[in-house]
Amino acid sequence: MLHDNLSVNAAGHLTVNGADTVELAEKYGTPLYLLDEDRVRAKCRTYLRAMKEYFGPESHPLYASKALSFKGIYKIASEEGMSVDVVSPGELYIALAAGFDAGNIYFHGNAKTMDDIRFAIDSGLGYFVCDNETELRRISDYAVEKGIRQKILLRLTPGIDPHTFDAVNTGKVDSKFGSAITTGQAEAITKLAMDMPGIELRGFHCHIGSQIFDEKPFCDAADLMMTFLVMLRDKYGFTASTLNLGGGIGVRYTEADPYIDIDSTLKLIGAHLHKICDENNFPMPQVLMEPGRSLVADAGVTIYTIQNIKNIPGFKSYTAIDGGMPDNPRYALYGSRYTVLLANRADEAAEVPFTVAGRCCESGDLIGENMLLPKDPKVGDYLAVLVTGAYNYAMASNYNCIPRPPIVMIADGKDTLAVRRETYADLMGCHN
């Protein structure tokens, strides 16, 4: 199996954390998002322990909730001692509704509105990750009005290419995010923030991209960021206390993807940072990282029911499912690769290529092409798409007016409904 929380039981059915996915599909219906809660918690604990050990006791991970945002995930993050980052007032609202401590929330985004800033500050937000000068001035104005000093990190673009595809590359100089170091804009906005009323500048943030499978791009980013921090100390007497290296550690979606050991990767990055600090007589900053995908992706599986099989002699074969791009748009957007199997025939060899098509009136509504399945899949078989915990529910839509699936969490082999299935009445909830 692709990951060790997946198995096949005596009935030949796919199991997730010991739970029979066929039984769950029959209980809750399809499409159905499944999330292995125990796996998510184990990953949280790995990040927490490793970051404190390798970076310092004040260092810790922030769950990047854009990967998967619902009340249950914030409860897990809170119980495991994580902070979180949010990228919208909607994510902030859900986190607060789940009882998450606002002081441990970091608010990202490159186009925060004044309403966003007011809502966040009024909620007692811990930190803004400030993207640009307009935002900085807005935060300053409202913080002064409220009589507080708002803690911020400034987002910088270090100019790193982590050798991933452009759709998820956010660390280059030409980016909608942050202020570039090489153009002098990072220094200019830092000078502004240091003297701005209502602002408490604590440090800096960068994010170089996603699906990174070794430590080198993070070490390269650390080199550039620390060079900038040393320059600020020497030139302006400002010693940053926090360095946020963002997220991006990769996840194995297919057998072709490498396995990455989180603990070993963080150990190497930590050793590199300590070396830089020692060489420059710079106090080791509090280091933050933002795992999202690497915490939840491989904890997720989506189950569908096959609705029809279409063979085009001399061309290809299609299997059509009862979901598609409304619940998983990643193939349509990025050409993202997945591993599939038949959940009710998981013990059978996958050897016949199929294009897995969704139900939308859209030619691009596919889960993938040339995906191997057992011979002769049938209408009514349950098709499982693996590693769907990140950017599936989070990116889901009601395209073609299709309700979104439920989320069922699995802990100790037991299932709990965390988000119910949307109804047609829900689709009408905002209509006059």
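# Questions on strands, helices and pockets

Me: Is Gln211 buried or exposed?
Reply: Gln211 sits in the loop between strand S11 (199–205) and helix H8 (216–236), where helices (H or I, at least four residues) and strands (E, at least two) are DSSP runs numbered from the N terminus. Although it is not a glycine, Gln211 has a positive phi of about 55°. With a 1.4 Å probe and protein chains only, under 20% relative accessible area means buried, over 50% exposed, and in between partly exposed. The relative accessible area of Gln211 is 14%, so this residue is buried.

Me: What pLDDT do local features need in this model?
Reply: Residues are numbered from 1 along each chain as its sequence is written, and side-chain values use heavy atoms, with hydrogens and water left out. This is a predicted model, in which totals for chains, interfaces and linings use all residues, side-chain atom pairs count only at pLDDT 80 or more, and local features need a pLDDT of at least 70.

Me: What is the relative accessible area of Asn370?
Reply: Asn370 belongs to strand S18, and it has a positive phi of about 55° without being a glycine. Asn370 is exposed, its relative accessible area being 63%.

Me: Which element gives the largest share of the lining of the second largest pocket?
Reply: On a 1 Å grid over the protein atoms alone, a pocket is an open set of points with protein on both sides within 12 Å along at least five of seven lines, a cavity is a set where a 1.4 Å probe fits but cannot get out, and lining residues have an atom within 4 Å of a point. The second largest pocket holds about 410 Å³ of space, a volume being the space filled by probe spheres set on the points, which are joined across faces, edges and corners. Its lining has 24 residues, with Thr254, Tyr338, Thr339, Val340 and Leu372 nearest the centre. The elements that give two or more residues to this lining are strand S16 (340–342) and strand S18 (366–373), and the largest share, 6 residues, comes from S18.

Me: Which strand gives the most to the lining of the largest cavity?
Reply: The count comes to 3 cavities of 30 Å³ or more, and about 60 Å³ of space lies in the largest cavity. Among the residues that line the largest cavity are Tyr33, Leu34, Leu35, Gly300 and Ile407. With 3 residues in this lining, the strand that gives the most is S4 (residues 32–36).

Me: Which residue of S9 stands opposite Val129?
Reply: In strand S8 (residues 127–130), Tyr127 and Val129 point one way and Phe128 and Cys130 the other, yet all are buried. Strands pair if DSSP finds at least two bridges between them, and S8 pairs in the parallel sense with strand S9 (residues 150–157) over 3 bridges. The chain crosses from S8 through helix H6 (residues 133–146) to S9 in a right-handed β-α-β crossover, which means that, with the strands pointing away from the viewer, the path from the first strand over the helix to the second runs clockwise. Within S9, the residue opposite Val129 is Leu153.

Me: Within what arc do the buried residues of H4 fall?
Reply: In helix H4 (residues 89–97), the buried residues are Glu91, Leu92 and Ala95. Seen down the axis of H4, they line one face of the helix, because they fall within an arc of 100°. This arc is that of the directions from the helix axis to the C-beta atoms, and the value for H4 is 100°.

Me: How far apart in space are Gly12 and Asn344, C-alpha to C-alpha?
Reply: Gly12 lies in the loop between S1 and S2, and its relative accessibility of 1% makes it count as buried. Not counting residues up to four places away in sequence, Gly12 touches Ala343, Asn344, Arg345, Ala346 and Asp347, contact meaning heavy atoms within 4.5 Å. Gly12 and Asn344 are 332 residues apart in sequence, whereas their C-alpha to C-alpha distance is 6.4 Å.

Me: What is omega for the peptide bond from Thr30 to Pro31?
Reply: Pro31 is placed in the loop between helix H1 (21–28) and S4. The peptide bond that joins Thr30 to Pro31 is cis, with omega near -10°.
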